[in-house]
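Please look over the chain below.

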Amino acid sequence: MATTVAGVHAVPKSESGLWSWITTVDHKRIGVLYGVTALSFFLGGAPNVGWFAYSNLTSSQYSPGHGVDFWAVGLQILGIASLAAAFNFIVTIINLRAPGMKLMRMPPFVWMTLVTSFLIILAFPVITVALVFLLFDRFVGTHFFVPSGGADPLLWQHLFWLFGHPEVYILILPAMGIVSEVLPTFSRKPLFGYPVVVYSGIFIGFMGWGVWSHHMFSVGLGPLADSFFALTTMLIAIPTGVKIFNWLATLWGGKIELKTAMLFALGFIALFTMGGLSGFMHASPPADLQQTDTYFVVAHIHYVLFGGAIMGVFAGIYYWFPKMTGKFLNETLGKIHFWATMISMNLTFFPMHFVGLLGMPRRVYTYSPNMGFDTMNLLSTIGALLLGASVLVFVVNFVNSIRNGKPAGSDPWGGGSLEWAIPSPPPSYNFATIPTVRSLDPLWHKEGREAALAANQVRGPIHMPPSSYWPAVSALGVTLLLSGMVFGWFVGIPGLILMLLGLYSWAFEPVT
Ligand SMILES: [Cu+2]
């Protein structure tokens, strides 16, 4: 993965070749994890405790069977995978930049990946601790979350949201980074206020640690705590607003080209801003007290995480697909995908603001008629079906373009960052020799462009590790080892052996 990050072109061990790509990319491991979690549907009941799994719903008393165990163990495995990826990104970004690639010359997506990686390595241990407590409660009979044993169930809420709020930024910051690269390319202008965009991203990363109790205003933490978390939450809107104005200023006076990637980036700005505005509303404890546990909150989270994160990810896919595969995604299907998503997304989630304010509660599967929810709820349902269908358009486009897409050259959009100077798809070593970087957006400067293109020509001494199956063996071993907590030692012990075998063999693999 690190090899495809723009401008950072080191090749860490085991990151070349298709197989090791499959075994080291975080998302593939999430697939394995999802397999483990989904197993619980067949082997012990789904973990039906809501996504934030408040105690004491998760205790053995209220959740017998193995559903919660699968969920907790699966989340621990995901934590290990995410930590491994985050450390890999941090080490790569800090240590293995090209000569002249100062921190303040890095592409914004790399910057936001760096901030996100720090959030991951600091936030995941918090949920790890909470899950270890929970597993102790369930397996050993401790009382970390058992009120009858003297515990305070709020401990889970604090631990969960101390992880859970930074997690929101783990999801949104990379999307902000993607958009900060897509907008300049299709406006033919450098990112407006690059340092301010970077610093506000770092500021959001810091501030994300001081707002977790805004998820707990209805708990009754007292006026002092409520006021503090209301203020910090309102404060975090400032760097977010700064970013939005910088993106708008990037567009201002630009030569705007409405390719699909650009449409998704613009959609991101519109929808994420709306999500930010409703978020600002429940930064106020009295307002939140009315909105909490209603569909208003459901509307908010989908505007920030679907309108924000998912739109950003689609912008990134349309932008870098030609680089990754050497082929274009079909623009017509792309535009149909974009407009279908935009319309159905708003049809699904916008009415939820209103039914939420009318008091429609979350996590209830049916409602009595004549509450005034019916029409708007029906609109949401129709919207959700259309939204699903719009993703199918994308899937068809994706599969078809991989096979029969129009060939894209090395630089289909005229981008400013270094990845557009190497062939599409990139060779595993990226640049034949590592170029020296002299500015931000090096390809938009004559000498930077010449240096990057020249660096492509001569194959220099770049150390390339062999592709390896061992990371896959270690990952499988870790998964089995932890699954042993649910299934028993006959799964755990082989997992331990596989893990040690994989790590040992991986470490001592001969270097070619
Ligand atoms: Cu939050």
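This is a predicted model: local features need pLDDT of at least 70, side-chain atom pairs count only at pLDDT 80 or more; totals for chains, interfaces and linings use all residues.

Where is the place of Arg 363? Arg 363 sits in the loop between α11 (331-357) and α12.

## Overall fold

The secondary structure comes to 15 helices and 0 strands. The radius of gyration is 24 Å, close to the 24 Å that the globule rule gives for 512 residues, so the chain is as compact as a globular protein of that length. Along the principal axes, the C-alpha trace spans about 70 × 55 × 45 Å.

Of the 512 residues, 51% count as buried. Take the contacts with a separation of 6 or more: residues 24 or more positions apart account for 78% of them.

## Surface and charge

The accessible surface comes to about 23,200 Å². Carbon and sulfur atoms hold 73% of that area.

The chain carries 23 positive and 19 negative charges. Their mean positions are 13 Å apart.

## Copper site

Which protein atoms are donors of the copper ion? They are ND1 of His 165, NE2 of His 214 and NE2 of His 215. These donors lie 1.7 to 2.0 Å from the ion. Along the chain, the donors follow the spacing H-x48-H-H.

Is His 214 buried or exposed? His 214 has a relative accessibility of 13%, under the 20% cut-off, so it counts as buried. His 215 has a relative accessible area of 29% and is partly exposed.

## Cis peptide bonds

The peptide bond from Ser 55 to Asn 56 is cis, with omega near 5 degrees. Asn 56 lies in the loop between α2 (26-43) and α3 (67-95).

Another cis bond joins Ser 424 and Pro 425, where omega is about -10 degrees. Pro 425 is found in the loop between α12 (374-404) and α13 (446-455).

How does Asn 430 stand, buried or exposed? Its relative accessible area is 6%, so Asn 430 is buried.

Note on methods:
Residues are numbered from 1 along each chain as its sequence is written. Side-chain values use heavy atoms; hydrogens and water are left out. Helices (H or I, at least four residues) and strands (E, at least two) are DSSP runs, numbered from the N terminus. The radius of gyration is taken over C-alpha atoms; the globule rule is 2.2 Å times the number of residues to the power 0.38. Buried means under 20% relative accessible area, exposed over 50%, partly exposed in between (1.4 Å probe, protein chains only). Contact means heavy atoms within 4.5 Å. Accessible areas come from the Shrake-Rupley method with a 1.4 Å probe; for residues, only the protein chains shown count as cover. Lys and Arg count as positive and Asp and Glu as negative; His and the chain ends are not counted. The place of a charge is taken as NZ of Lys, CZ of Arg, CG of Asp or CD of Glu. Donors are N, O and S atoms within 2.8 Å of the metal (3.2 Å for Na, K and Ca); water is not among the atoms, so sites may look incomplete.
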